[in-house]
Amino acid sequence: MRLQPDFIHEFVRGKSERTLLLLHGTGGNERDLIPLGKELDPNASLLSPRGEVLENGMPRFFRRLAEGVFDLEDLKKRTHELADFVVSAAEHYKIDTKHIIAVGYSNGANIAASMLLLRPEILTAAVLFRAMVPLVPKTAPSLNSKRIWIGAGSLDPIVPASNTKELAEMLRSAGAEVTIRFFQSGHQLTAEDVDLAREWLTESVD
Ligand code: MLT
């Protein structure tokens, strides 16, 4: 069966009621974050779509005009498409919609943040690695009871620390419980990011 809207994706059925929605970075694909998902929670189901935009042949989840400068109309449209895909995938794979947690890296973290701001009903929690403010919504969403973990690199040349802090504040002022951690690293993910995110997922998210 084809899901509508249709994203190329991988689905790995887990043993618990939790599903991790895995969102890769620029140039990634639906297979990239499967090992990370298993490391973060070996019992969760994994739903991993491939971004539908191509930038010089590299898949992404939305268009950008330059590094860190986003095509906001495209971002909004694709955020809704991704949210609708999650709804249809949840129906198709019988996923418990009360336990969907986004795990995004870089471009994937940015569309996950956009989904929290525009379609907050889709996610109960999110792990955002190297995220920045994707957009400023016209109306602030209600993010009460959402839990969000942000892993940032203090030496990240792509995402300024001030921008990640701004994102954390935006999510907090909408009611989310946000944990932000800075690592002595650049844009790439580190073993410490993964360890702390796993601990947080185990201890702080139902
Ligand atoms: C983005 O375009 O989402 C950010 O610049 C991160 C990246 O993908 O390089």
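Two strands count as paired if DSSP finds at least two bridges between them. Strands (E, at least two residues) and helices (H or I, at least four) are DSSP runs, numbered from the N terminus. The model is predicted: local features need pLDDT of at least 70, side-chain atom pairs count only at pLDDT 80 or more, and totals for chains, interfaces and linings use all residues. Residues are numbered from 1 along each chain as its sequence is written, and side-chain values use heavy atoms, with hydrogens and water left out.

Seven strands form an open sheet with mixed pairing. Their order is β1-β3-β2-β8-β9-β10-β11. The edges are held by β1 (9-12) and β11 (177-183). Each has a single partner strand, so one side of each is left without a neighbour in the sheet. On average, neighbouring strands of this sheet are turned by 15° against each other, direction ignored. The axes behind this angle are lines fitted to C-alpha atoms, and angles run from 0 to 180 degrees between N-to-C directions.

Strand β8 (residues 100-105) is mostly covered. Five of its six residues are buried, that is, under 20% relative accessible area with a 1.4 Å probe, protein chains only. β8 pairs in the parallel sense with strand β2 (residues 19-23), over five bridges. Here Val-103 of β8 is the bridge partner of Leu-22. β8 also pairs in the parallel sense with strand β9 (residues 125-129), over five bridges. Ile-101 has Ala-125 of β9 as its bridge partner, and Val-103 stands opposite Val-127 in β9. Together with helix α3 (residues 107-118), β8 and β9 make a right-handed β-α-β unit. Right-handed means that, with the strands pointing away from the viewer, the path from the first strand over the helix to the second runs clockwise.

A cavity is a set of points on a 1 Å grid over the protein atoms alone where a 1.4 Å probe fits but cannot get out. Grid points are joined across faces, edges and corners, and a volume is the space filled by probe spheres set on the points. One cavity of 30 Å³ or more is found. The largest cavity has a volume of about 40 Å³. Its lining residues, with an atom within 4 Å of a point, are Phe-7, Glu-52, Phe-61, Arg-78, Glu-81, Leu-82 and Ile-111. Helix α2 (residues 72-93) gives the largest share of this lining, three residues.

Definitions and conventions:
Buried means under 20% relative accessible area, exposed over 50%, partly exposed in between (1.4 Å probe, protein chains only). On a 1 Å grid over the protein atoms alone, a cavity is a set of points where a 1.4 Å probe fits but cannot get out, and a pocket is an open set with protein on both sides within 12 Å along at least five of seven lines; lining residues have an atom within 4 Å of a point.
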